[in-house]
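Today I'm opening a new page in my notebook.

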Amino acid sequence: MGYLRKSNLNDLNYVANNMRIMDKIEAYYQTGNQPEEALRLAYLWSQTNMTIADDNDSPIGLCGVVADGCIWMVATDELFNNKKYKIQLIREGRKWIDNLLKSYNLLYNMVYAENLSAIKWLKSLGFTFINYHEEYGKESKPFYEFLRIS
């Protein structure tokens, strides 16, 4: 069964080199940076970084939160292609979010409007979608703004 654990640089490098295509597209559209660079910057800026690990302790995703409550997550294909891991992502993700809300009054970010699996996952974690931005980010693409308040 997959689980969350503290991240390390090996996890960061593996996920950066094996990111889902949709996560790469979203990172580029939002930041204008190469996706691997965008992920490394998010990792460096975050107060908390967690690895989503598979049954063999191999990284299949990373998530984190920046000091102001900006939350993020990227994954490899294995996380979303494996039903067992998707179910576990919802269960463990909700626990992680609930725990984060003890330290942060607000968790928020933007999600690319075509990243349907991420939108579905965010809704399952109790996030509310508050605005649609037809042109957002360095590439002026459609994004949804989402948040969850403690």
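Here is what I looked up, step by step.

**Entry 1: what kind of model?** I noted this before anything else: the model is predicted.

**Entry 2: the sheet.** I followed the strands and found an open sheet of four, in the order E1-E2-E3-E4, with antiparallel pairing. Which strands sit at the edges? They are E1 and E4 (71-75), and each of them pairs on one side only. I also looked up the twist, which averages 25 degrees from one strand to the next.

**Entry 3: one pair up close.** I picked E2 and E3, which run antiparallel and are joined by seven bridges.

**Entry 4: empty space.** A reminder to myself: rolling a probe the size of a water molecule over the atoms shows where empty space is left. How many cavities of 30 Å³ or more does a search of the whole structure find? It finds one. I wrote down a volume of about 110 Å³ for the largest cavity.

**Entry 5: who lines it?** The largest cavity is lined by 15 residues, and the closest to its centre are Leu-4, Ile-52, Gln-88, Leu-89 and Glu-92. Strands E1 (3-6), E2 (46-53) and E3 (59-66) each give two or more residues to the lining, and so does helix H5 (83-100). Which element gives the largest share? That's H5, with six residues.

**Entry 6: what kind of lining?** I sorted the lining of the largest cavity by class and got 11 nonpolar, three polar and one charged residues.

How values were computed: Residues are numbered from 1 along each chain as its sequence is written. This is a predicted model: local features need pLDDT of at least 70, side-chain atom pairs count only at pLDDT 80 or more; totals for chains, interfaces and linings use all residues. Side-chain values use heavy atoms; hydrogens and water are left out. On a 1 Å grid over the protein atoms alone, a cavity is a set of points where a 1.4 Å probe fits but cannot get out, and a pocket is an open set with protein on both sides within 12 Å along at least five of seven lines; lining residues have an atom within 4 Å of a point. Grid points are joined across faces, edges and corners, and a volume is the space filled by probe spheres set on the points. Ala, Val, Leu, Ile, Met, Phe, Trp, Tyr, Cys and Pro count as nonpolar, Asp, Glu, Lys and Arg as charged, and the others, Gly among them, as polar. Two strands pair if DSSP finds at least two bridges between them. Axes are lines fitted to C-alpha atoms, for helices over the stretch in contact, and angles run from 0 to 180 degrees between N-to-C directions.
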